[in-house]
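Trainee: I'd like to learn how to read this one feature by feature. Could you walk me through it?

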Amino acid sequence: MRRSSSPLRRLPQVLLVVAASAAAVASPGGAAATLWPNVPEQIARALTSGDALERRLAATRVGELAPETAIRLIQRGMSDPDIEVRLHLAGAAVRLRMPRAGDLVIEWLGEGDARLRLAACDVIRAAPTDRSVVALGRVLGDPDPHVRLAAATAMGAAGLPDAVSPLLGHLDDTAPEVRAEVARALGRIGDARAVVPLIGKVQDSIPEVRKVTARALGELGDPRAVSALLLALQDASQDVRVEAVTALGRLRSDDATSAIADLVTASPGAAGAFPGARPSDSATSSNDVREAALRALGRIGSDAAVKALLAALAKDNPAAPRSAVRDGLVSAGAAAVPALVAALAAAPSANTAAGAALVLGELRAREALPALARGMQRGVVPLRHGLRALGALGDPAALPGVLELLGDADPAVRAEAIRAATALLDPARPDGRAVDPARAQLVDPATAPDEKLALVQLLGRTGSPRAQAALLPLAKARSTPLRLAVIEALGAARAAGTLGAAVDAALLAALDDESADVRLRAAIALSRVAGPGSARPLLQRLTVAAEQDRGALGIALSGALSRADDAGGAKAARGASGKGLVHEVAAAIASAPDAARDALIEGLGRMPGQAAGAALARMASAAPIDDRRKIAEALAGHPEAAAALRTLAGDPDPGVRANAVWSLGAAGDKDALPLLLPLLKDPDAAVAGNAAGAIGRAAGRAGQPARAAAALCAALADARPYVRANALAALTVAGARCDGDAARDLLARDPAEAVRLAAADHVARSGADDDRRALARCAAEDRNAAVAGRCARAAPPRAPAAGAEDVVVFIVPFDAGRGGSVRDAPAPRAPFALVRADGLMRLGVADRRGELFERGAPRGPIRLTVPAPLVK
């Protein structure tokens with residue numbers, strides 16, 4: 001089967017075959033250690049022992065216990081006379097993010113042992129309270145600089161305004177690292193009282209302090225800092241210059257535009273290449289300064305800033321996949337469009353014209369289409385870049401001009417024209433304008449093989465019956481790559497009448513091909529377009545097929561059944577037996593081998609009509625575990641059978657519960673919320689995480705964000721990372737938010753990457769200054785590149801892509817133990833974690849084929865991540 005690595009590439013209504021971590025094939029029940037029932041009692045008893053060594057050993061094991069039990073023992077043991085015991089318990093409190101733990105360690109701040117004072121700062125940072133953060137002020141004068149540093153870090157992380165005055169009193173700390181941390185903390189808190197004192201630290205003798213100060217001034221967003229930051233542009237350290245110019249961009253000060261433009265005109269790669277610069281003491285290159293200046297101009301977005309960016313396009317390389325100049329213009333947004341259009345109307349250089357066109361395309365500025373077209377006709381805009389821009393523009397009105405270039409003499413132009421035309425077409429909106437020119441190129445003997453493959457894809461994207469008629473004769477082409485491309489194109493859109501029957505017949509014939517790749521591609525195409533009349537032949541073939549064919553047949557049948565209505569037993573739905581199709585599928589399930597049962601259950605779940613849901617509900621009560629798991633998944637498509645899902649949500653098997661809970665998120669209504677709430681505390685992380693996602697989906701559909709917040713805000717303190725992450729994503733989906741700064745707190749301090757990613761998406765929904773500062777800090781400081789990148793790109797979300805699609809995912813594990821190879825087949829019953837485009841994670845166990853079916857996934861990228869049992 002075709003394999004790809006995570007993150008995943010998506011095709012419309014696709015089959016996805018995914019390479020996951022080797023650990024993903026672990027047994028569902030064997031991934032996590034289980035404590036004997038008497039162990040918590042033993043640990044609790046040992047913590048009261050008169051032997052300090054025994055108490056120390058018990059304290060090291062507290063983190064193994066359930067959070068409720070561990071927290072109770074930590075509260076009792078924080079006053080233990082033995083320092084080592086207290087230090088171990090403090091570490092457990094930090095890992096558990098124990099609520100209000102800061103209050104328990106306030107007295108430690110006065111202890112003689114520096115280790116206790118440091119541990120207290122760490123606990124307060126992880127679980128701050130107003131009292132404990134204020135108490136930190138007295139250790140800012142601690143004789144140990146490490147304690148002072150930890151105290152300043154905790155105060156900044158808490159973001160409490162009461163911490164500003166004590167922090168300001170220590171901006172002149174003798175230790176440079178403490179001065180830097182105090183400045184960083186003041187920037188985090190965001191209180192305007194810090195602006196003037198911080199301006200004075202822009203000239204600190206230590207570059208790191210100057211760098212952090214410049215960043216803090218940018219976070220504070222006060223225009224009084226502009227003059228000091230302009231001075232910092234001449235700093236000897238290029239790191240400081242990067243932070244200074246970035247801060248000026250955050251301030252959006254047009255007064256700084258001229259000075260920033262001077263950095264842009266400096267020769268890239270030459271240290272100190274701009275006026276007044278001194279020799280650098282940093283490993284940061286002058287090109288980094290220049291790129292930061294370009295980004296800053298984009299954030300300022302004034303006429304002068306856009307003019308400076310346009311001037312920089314002349315030296316930019318339009319062939320580069322990414323460009324800081326173009327990114328800056330894109331950041332300027334709609335304000336840049338008039339200047340870009342005017343540039344195309346003048347006599348720009350080729351680089352400027354190409355760059356301007358590409359930016360207009362990325363901005364999807366449809367009003368610029370006439371200017372782009374005229375620029376290409378005049379020869380001002382190079383055709384390759386103009387076509388790339390038109391494809392990105394997304395305006396179907398651009399299609400005629402693109403099609404004129406399908407036969408251009410330059411192969412690079414032809415290839416770009418095919419890509420642009422393909423991007424401008426959508427099979428859901430049939431458009432026959434491209435059929436004749438594409439077919440003419442396809443049948444031309446001079447057309448290169450790779451172009452023919454791209455033209456076949458283009459014809460499939462038209463969704464036109466004429467295109468399918470042109471493709472049908474090629475379904476048996478000798479060239480396997482061409483045959484595969486044709487089969488995929490035939491599956492792009494459903495044809496009606498005689499032509500639809502002919503397409504179905506060609507694809508059914510391809511299921512007998514000797515090539516497994518051809519059979520799989522034909523199965524995928526049939527799953528997308530097969531008419532109701534194909535369901536019964538596919539069902540018959542599946543029940544008698546050889547073992548190696550059942551996988552492809554199951555894929556095809558599942559999709560075909562999604563368009564086959566039993567019609568309550570109407571004559572059209574009855575076969576030779578006189579029974580309805582639902583009855584035939586249900587009867588086949590009863591006698592089918594394991595290799596076919598999951599495909600049949602999935603097909604019944606995708607089949608519309610109450611009869612299919614009722615058949616699944618009847619089977620659920622006496623089905624074996626594997627069947628119940630698949631039935632719980634399949635019932636997502638049958639809201640009328642929600643009662644069966646409620647029963648399955650109480651199943652003894654966690655895999656069944658996980659699927660049932662997730663399906664309730666799709667099929668349940670607001671009445672399902674009381675059932676889902678206690679499942680947030682299910683001992684299985686997959687069940688609890690899915691419950692969080694289901695609550696967000698159900699509450700969002702019902703328009704009840706307050707109910708989502710009431711249920712999910714408490715889950716943000718759950719000890720399991722995926723429960724916290726899904727609770728955040730569910731709040732986002734439901735349009736809800738918790739009181740206070742819980743999401744910002746998780747973004748800044750949570751140890752789990754998945755949680756910080758979800759927090760970045762959640763925080764980005766708000767335009768509040770505190771949230772913008774939190775994202776900027778994350779982008780600059782998070783040590784995880786994925787999280788920092790998400791924070792840097794985060795913006796208030798656009799409207800979601802229209803519609804949803806059914807997605808099939810096969811888990812093909814990556815086996816690190818075999819030199820990093822990908823296994824040859826999907827892994828049955830493998831645990832998985834699927835991240836959808838809306839940020840929600842679906843957790844659970846794959847079926848007997850190593851497959852999962854996600855009904856109605858929002859359009860956009862999806863990916864697999866580490867399964868829940870393997871995440872600590």
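**Reading the model**

Mentor: Helices here are DSSP runs of H or I with at least four residues, strands are runs of E with at least two, and both are numbered from the N terminus. This is a predicted model, where local features need pLDDT of at least 70 and side-chain atom pairs count only at pLDDT 80 or more, while totals for chains, interfaces and linings use all residues. Residues are numbered from 1 along each chain as its sequence is written, and side-chain values use heavy atoms, with hydrogens and water left out.

Trainee: What pLDDT does the chain average?

Mentor: pLDDT is the predictor's confidence in each residue, from 0 to 100. The chain averages 88, and 89% of the residues score at least 70. Over residues 1-33, though, the pLDDT is below 50, and that stretch has 92 contacts in the model beyond near neighbours in sequence; contact means heavy atoms within 4.5 Å. Residues 568-573 also have pLDDT below 50, with seven such contacts. Where pLDDT is low, the predicted coordinates should not be read in detail.

Trainee: Back to α15: how far apart are its end C-alpha atoms?

Mentor: The expected span of a helix is 1.5 Å times one less than its number of residues. Helix α15 (residues 286-300) has 15 residues and should span 21 Å, which agrees with the 21 Å between its end C-alpha atoms.

Trainee: Which helices do its buried residues pack against?

Mentor: Buried means under 20% relative accessible area, exposed means over 50%, and partly exposed is in between (1.4 Å probe, protein chains only). The buried residues of α15 include Val289, Leu294, Leu297 and Ile300. The buried set packs against α13 (238-251), α14 (257-264), α16 (303-313) and α17 (324-332).

Trainee: How many salt bridges does a search of the whole structure find?

Mentor: Side chains of opposite charge can pair when their charged atoms come close. The cut-off for a salt bridge is a side-chain nitrogen of Lys or Arg within 4 Å of a carboxyl oxygen of Asp or Glu. The search finds 67. Take Asp626 and Arg629, with closest N and O atoms 3.4 Å apart: both lie in helix α35 (residues 625-634), three residues apart, about one turn of the helix. Asp651 and Arg628 also form a salt bridge, at 2.7 Å from N to O. Asp651 is in the loop between α36 (642-648) and α37 (654-667) and Arg628 is in α35, so this pair ties together parts 23 residues apart in sequence.

Trainee: Are Asp651 and Arg628 buried or exposed?

Mentor: Asp651 is buried, at 9% relative accessible area, and Arg628 is buried too, at 15%.

Trainee: What is the strand order in the open sheet of three strands?

Mentor: Two strands pair if DSSP finds at least two bridges between them. The order is β6-β5-β8, with antiparallel pairing. β6 (841-845) and β8 (863-865) are at the edges with a single partner strand each, so one side of each has no neighbour in the sheet. β5 (residues 831-835) pairs with β8 over three bridges, and Val835 stands opposite Arg863 in β8.

Trainee: Which helix lies across β5, β6 and β8?

Mentor: Angles run from 0 to 180 degrees between N-to-C directions, with axes as lines fitted to C-alpha atoms, for helices over the stretch in contact. Helix α41 (residues 721-734) is the one, running at about 140 degrees to β6.
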